[in-house]
Amino acid sequence: MTDQFSARGSSAPSPVLLAGQVLEWSLGSENLNSPAGSADQEVRRMSLPRCVGGLRPDIMTSAERMEAVMVGLRPDRVPFNLFGAGFSARNVGYPVEVVYTDPQKCLRAQLWTGEQFGCEPTTGTGYASYGAYEFGGEIRMPRSRWESAPSIVRPAVESEEDLEKLDLPDVKDAGMIPTLMGISKLQERLGLPISCGISGDPATNAANMVDVNRFCRWMVKKPELAHRALRLSTDHIIQAWDYWIETFGAERVSVGVYVTIGANQIMSPKQFEEFVIPYQVELHDRIRDTGIKGAMFHICGEQNLNLPMIRELYLGTRQTPFMLSFGHEVDLDRAIEMFPDSIICGNVEPQIIQNGTPQRVYEVTRIAIEKGKSAPRGFILMTGCDLPPMAPGYNVWTMRKAVSDFGFYD
Amino acid sequence: MATEARKKEILKGLYDGVVEFDEDKVVELSNAVLAEDVDAYEAIMDGLAAGMEHVGDLYANQEYFVPEVLMCSDALYAGLDILRPHLSGKEADVRGQVVIGTVEGDVHDIGKNLVKMMFDVAGFEVHDLGRDVKLEKFVEEQMKTDSEIVALSALMTTSMLAMPKVIEMIKARNPDAMIMVGGAPISQEVADNYGADGYAQNAANAVQEAIQMVSRLREMGKA
């Protein structure tokens, strides 16, 4: 086994490394699971170098770093945001479901985990199954070790008649909104950025409301029904944003917009144009018109064919741009080229953080950082989608290590 | 008895009905197959299945996406439901048996349903356990049906972790069972690491993998 740290430029592994010194892993031909001829020897070779070295000291605080990125100044290094409320819960010993049920534990888990790994703190939450529960369906909280987020047990709409009768829910009481508002109020009390956890994804929420299979069929055979679901879904999001604006003021609130089911793994660009774009236009224009402070726009999964249409949406101004988060399916070079006035976020493949060796994690993170650093309006390192709750903590630390080794702008 | 020209017309209509996801047309022509004494097996293979094969190409070429394929699948099953009961014993012989399901903790089943459909088209007997399937259920169903293949699907990075566990459980009871895995977060590398015998990158590829697996088993005299 030749897996080990070595000082850059040195061929031999060094047992003494200064904090901030650049470290490299030289990869051997064997993998971590290979049967060892001499396990003791391997442990001796591996363990000592892995315990030394450290992170290069930061110059800015997390708040200063994020502020610099937001206003368009160059921070000391690339910020590193954990895209992982569920990971944070599990990391501190809570069940994953607390991020959807308990505002205090949700925030505590994320703040503690951010502190542990030296990440810029994020404290919000949201969930991809949004829309079913809020419109009267049923969801199930993640309970088994194989679950990471709420799952839909019963959609709100099970027939065309159900949809015709469906009305907008009471925005203050619908589904998970009370919990999401509780999180925002706690953020306010702690002086943290206030994020609205409503999923700003009309198409995915509509599909969750009526069942994804049914929604896909309606898009082809009964588009008027798909559009009715989309209308309700969009109006609900706007009502919910207004609720947040009334409570905290637009200038203090950030929102999340997403295009999940619009990914080309599901939908054609033509369908994206018909069923996603018009409703996204409404949301993006609403952000502009209300003066909402900021937006994180998660462009989930394979979206390469949709990017030209996404580029036409309102994405903030160069002074106050949206943060655009990409999955690993979109190359960061292309994202940067197409969205030079946006803050680019992403895009390390979550599955690799969960299943990959630390060496692999280090390498894919290095590549993301080195590409991302060329973004003219700034870059934030993140996973390309939710950090899996079961990801080994060491792999997350390895991402942070790569930020330290490659993320400084000097 | 239909003339050769009429038979061709019916088969072409079934093919087009599937490709154009025209369920009514497929039902009408499937009934015509029976009424006009056209061979049901031929109608399935040269009409419906051939149409679905073309749909697979359209999907691979990004001309069709999931919504269209789901509609094609509805048309296909509308025809299969009418014609299958009329297959003769020999024609109804299956190519192999597959147990399929989305693993515990995961309720996403679009991908699994597309793979199931391709197995159906290819002449496999499919035992569909649905979604969010308890791991023990895969083991029980494989043993009960003596299926050559178990196909596991997962969309979530969390639920994919159930795959190595269920593979271990199945192999412990029946080392000869072949396991195929697929789903958005799965890659060939992941499949290999999990100890799976095959990886379904997409629905069409799943069937090719399965056919190879069954062939391997038969060469070894275990199927």
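**Strand 3 of chain B (residues 149–153) is largely enclosed by the rest of the structure, because five of its five residues are buried.** Here, buried means under 20% relative accessible area, exposed means over 50%, and partly exposed lies in between (1.4 Å probe, protein chains only). The model is predicted: local features need pLDDT of at least 70 and side-chain atom pairs count only at pLDDT 80 or more, while totals for chains, interfaces and linings use all residues. Residues are numbered from 1 along each chain as its sequence is written, chains are lettered from A and ligands numbered from 1 in the order in which they are written, and side-chain values use heavy atoms, with hydrogens and water left out. Ile149(B), Ala151(B) and Ser153(B) point one way from strand 3 of chain B, Val150(B) and Leu152(B) point the other way, and all are buried. In a regular strand the side chains alternate between the two faces of the sheet.

**Strand 3 of chain B runs parallel to strand 4 (residues 178–182) of chain B, to which five bridges join it.** Helices (H or I, at least four residues) and strands (E, at least two) are DSSP runs numbered from the N terminus, and two strands pair if DSSP finds at least two bridges between them. Val150(B) has Ile179(B) as its bridge partner in strand 4 of chain B. Strand 1 (residues 97–102) of chain B also pairs with strand 3 of chain B in the parallel sense, over five bridges; Ser153(B) in strand 3 of chain B is the bridge partner of Thr102(B). Together with helix 7 (residues 162–173) of chain B, strand 3 and strand 4 of chain B make a right-handed β-α-β unit. Right-handed means that, with the strands pointing away from the viewer, the path from the first strand over the helix to the second runs clockwise.

**In chain A, strand 9 (residues 343–348) is largely enclosed by the rest of the structure, since six of its six residues are buried.** Strand 8 of chain A pairs with strand 9 of chain A in the parallel sense over four bridges, and Leu324(A) stands opposite Ile344(A) in strand 9 of chain A. The chain passes from strand 8 of chain A through helix 13 of chain A to strand 9 of chain A in a right-handed β-α-β crossover. Strand 9 of chain A is also joined by five bridges to strand 10 (residues 379–383) of chain A, and these two strands run parallel. Met382(A) in strand 10 of chain A stands opposite Asn347(A). Chain A as a whole has 16 helices and ten strands, and buried residues make up 55% of its 410 residues.

**Helix 15 of chain A contains both Arg366(A) and Glu363(A), three residues apart, about one turn of the helix.** These residues form a salt bridge, with the closest N and O atoms 2.5 Å apart. A salt bridge is a side-chain nitrogen of Lys or Arg within 4 Å of a carboxyl oxygen of Asp or Glu. Glu363(A) is partly exposed, at a relative accessible area of 33%. Elsewhere, salt bridges that share partners join Asp58(A), Arg65(A), Asp76(A), Arg77(A), Glu120(A) and Arg400(A) into one network.

**Lys371(A) and Asp331(A) form a salt bridge whose closest N and O atoms are 2.7 Å apart.** This pair links distant parts of the chain, 40 residues apart: Lys371(A) lies in helix 15 (residues 358–372) of chain A, and Asp331(A) in the loop between strand 8 (323–326) and helix 13 (332–338) of chain A. Lys371(A) is partly exposed, with a relative accessible area of 22%; Asp331(A) also counts as partly exposed, at 34%.

**Arg140(A) meets Asp132(B) in a side-chain salt bridge of 2.7 Å, N to O.** Three salt bridges are found across the interface of chain A and chain B. Arg140(A) also forms a salt bridge with Glu147(A), the closest N and O atoms being 2.7 Å apart. Glu147(A) counts as buried at 8% relative accessibility, whereas Arg140(A) counts as partly exposed at 25%.

**At the interface, 31 residues of chain A are in contact (heavy atoms within 4.5 Å) with 30 residues of chain B.** The area buried between the chains is about 2500 Å², and carbon and sulfur atoms give 58% of this area. Buried area is the accessible area (1.4 Å probe) that two parts lose on being put together, summed over both. Three salt bridges cross between chain A and chain B. Strand 4 (151–154), helix 9 (212–221), helix 11 (269–290) and helix 14 (350–355) of chain A each supply at least two residues of the side of chain A that touches chain B. Helix 9 of chain A gives the largest share of that side, seven residues.
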